[in-house]
Amino acid sequence: MNVTVSVNGHEHSRDVEPRMLLVHFLRDELGLTGTHWGCDTSNCGICAVLMDGAPVKSCTVLAATAAGHEIGTVEGLEVDGVLDPVQQGFSEMHGLQCGFCTPGMMLTARALLDRRAGGPALTDQEIREAISGQICRCTGYASIVRSIRWAAEHCNQELPG
Amino acid sequence: MQVPAPFEYERATSVDHALELLTLLGPEARLLAGGHSLLPMMKLRLASPQYVIDIDDLAAELGYIDAREGEVRIGAMTRHRELLESELLAAALPIFRDAERVIADPLVRNRGTIGGALCQADPAEDLSAVCAAVDARLLIRGPDGERLVEMRDFYRGPYATAVGAEEMLLEIRVVIEPGSGSAYQKVERRVGDWAVVAAGASVKLAGGTIERGRIALAAVGAEVTSAEAQEALAGQRPSDRLFAHAAQLAAAGCSPVTDQRGTAAYKRHVAAVLTERALRRAVTRALSEPPR
């Protein structure tokens, strides 16, 4: 079947089997390998992408279902060479070790910051809750939380425009 | 790599369209709501529907939480996250927020729906116990029209419900009464896991006594409600002793099995502890209910 999915603002059409999962559509059909592929069972959250701005596990969404929705992947975070504050936070606060969970963690962080834009400061508890569906195989959660907090604190200044 | 077996895909654009497709495609068709129960089952080839009817587009039509005519009405495509964040539900039926806080994780809750969870009818699924504990009624529509089914008649055992092959669940209804309270307690091995055991309770107080008490257990056998325990509560004044007594009856009446989540004896013990806690919290909430 022909599936058209909007990824990072660009529409992509491919002929795929209805059973194709979004994670494989992104990686194998579009070559967007920034979205990682982990447990396959919707447990580990490595494959997180944004679907209409909310983080979802792309191993448990059909590519066909994603048609008509706006999908955001890690490739869409950096704009014209300017890192998203979340990416910068992971760099500043050493939020990544092996890097496997990093794209998904950053997208969940982006969604959290977008939701809380203009609201009260994020607590560590809220950050931990937001990423609780995603496993860091290196167990580097403390620095991930610090990275997201850094992004929250620098968000307004760093966002272009 | 885990992928589902091949299937043909249809995308429904309305409830009527979904029902037409169900009639057209026959019993080998399955509705796909949020996909977080059915797709994992399909990957494991525990489910291999010939046709998948994607009802994701019905999230607007069937995604709502309203208070109408003395009832809370929840659309079947309401996602876990919406149930968790609803202030209306938290005030009227706090058992939902109790349960949603411990259902899976935020990412799964962004996709999974109450209708999908109830229709999947996993024996360890939380919302079936929640709905049983608050005497929910379920609105089902099929080619012959609509019908309302009590939760105790809806759940037909593991992975089986009253929804027929050409029908779909549209709405969950719960009557709201003054003097009522509800609560949910769950023990899981790790955050986001299925329940080892979970217990839901609701009470309606009148004149200092329990007019009606409801208890529903998850993950400890096919029968989610406990008739003996409920009878023991009726007409009694709430007390720790009463809660313990009803909890013992509920635990005695369930049928846990020994598996990787624990032994039957352990689960029965936990069922009693959680039932007692859920009852106590439900009564506390009923007593502290703000005037309406």
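Me: How many disulfides does the rule count over all chains?
Reply: The model is a predicted one, and the rule asks for a pair of cysteine sulfur atoms within 2.5 Å. A:Cys138 is in no disulfide, its nearest cysteine sulfur being that of A:Cys98 at 3.6 Å. Over all chains, the count of disulfides comes to zero.

Me: Which cysteine holds the sulfur closest to that of B:Cys119, and how far away is that sulfur?
Reply: B:Cys119 counts as partly exposed, with a relative accessibility of 28%. Its sulfur is too far from the closest cysteine sulfur for a bond, given that a disulfide needs the two sulfur atoms within 2.5 Å. The closest one belongs to B:Cys131, and the distance is 11 Å.

Me: Is A:Cys138 buried, partly exposed or exposed?
Reply: A residue would have to fall under 20% relative accessible area to be buried and lie over 50% to be exposed. A:Cys138 has a relative accessible area of 24%, and the class that applies to A:Cys138 is therefore partly exposed.

Me: How much area is buried between chain B and chain A?
Reply: The contact draws 29 residues from chain B and 32 residues from chain A. Carbon and sulfur atoms give 58% of the area buried between the two chains, and that area is about 2400 Å².

Me: Which residue of chain A meets B:Arg109 in a salt bridge?
Reply: Across the interface of chain B and chain A the rule finds three salt bridges, while 13 residue pairs, with both residues at pLDDT 80 or more, are in polar contact. In the salt bridge of B:Arg109, the distance from N to O is 3.0 Å, and the partner side chain is that of A:Glu129.

Me: Which element gives the largest share of the side of chain B that touches chain A?
Reply: Two or more residues each come from β1 (8-11), α2 (38-43), α3 (80-85) and α6 (106-109) of chain B. The residues on this side divide into 13 nonpolar, five polar and eleven charged. The largest share amounts to four residues, and the element that gives it is α6(B).

Me: Which backbone nitrogen does a side-chain oxygen of A:Asp84 reach at the start of α3(A)?
Reply: Helix α3 of chain A spans residues 85-92, and its buried residues include A:Pro85, A:Gln87 and A:Phe90. After this helix comes A:His94, which has a positive phi near 55°. At the start of α3(A), the side-chain oxygen of A:Asp84 comes to within 2.8 Å of the backbone nitrogen of A:Val86.

Key. Residues numbered from 1 in each chain as written. Chains lettered and ligands numbered in written order. Predicted model: local features only at pLDDT ≥ 70, side-chain atom pairs only at ≥ 80, totals over all residues. Heavy atoms only, no water. Contact = heavy atoms within 4.5 Å. Buried area = accessible area lost by both parts, 1.4 Å probe. Salt bridge = Lys/Arg side-chain N within 4 Å of Asp/Glu carboxyl O. Polar contact = N/O pair within 3.5 Å; in protein donor to acceptor, adjacent residues only side chain to side chain. Nonpolar A, V, L, I, M, F, W, Y, C, P; charged D, E, K, R; others polar. Buried < 20%, exposed > 50% of the residue type's maximum accessible area, 1.4 Å probe, protein only.
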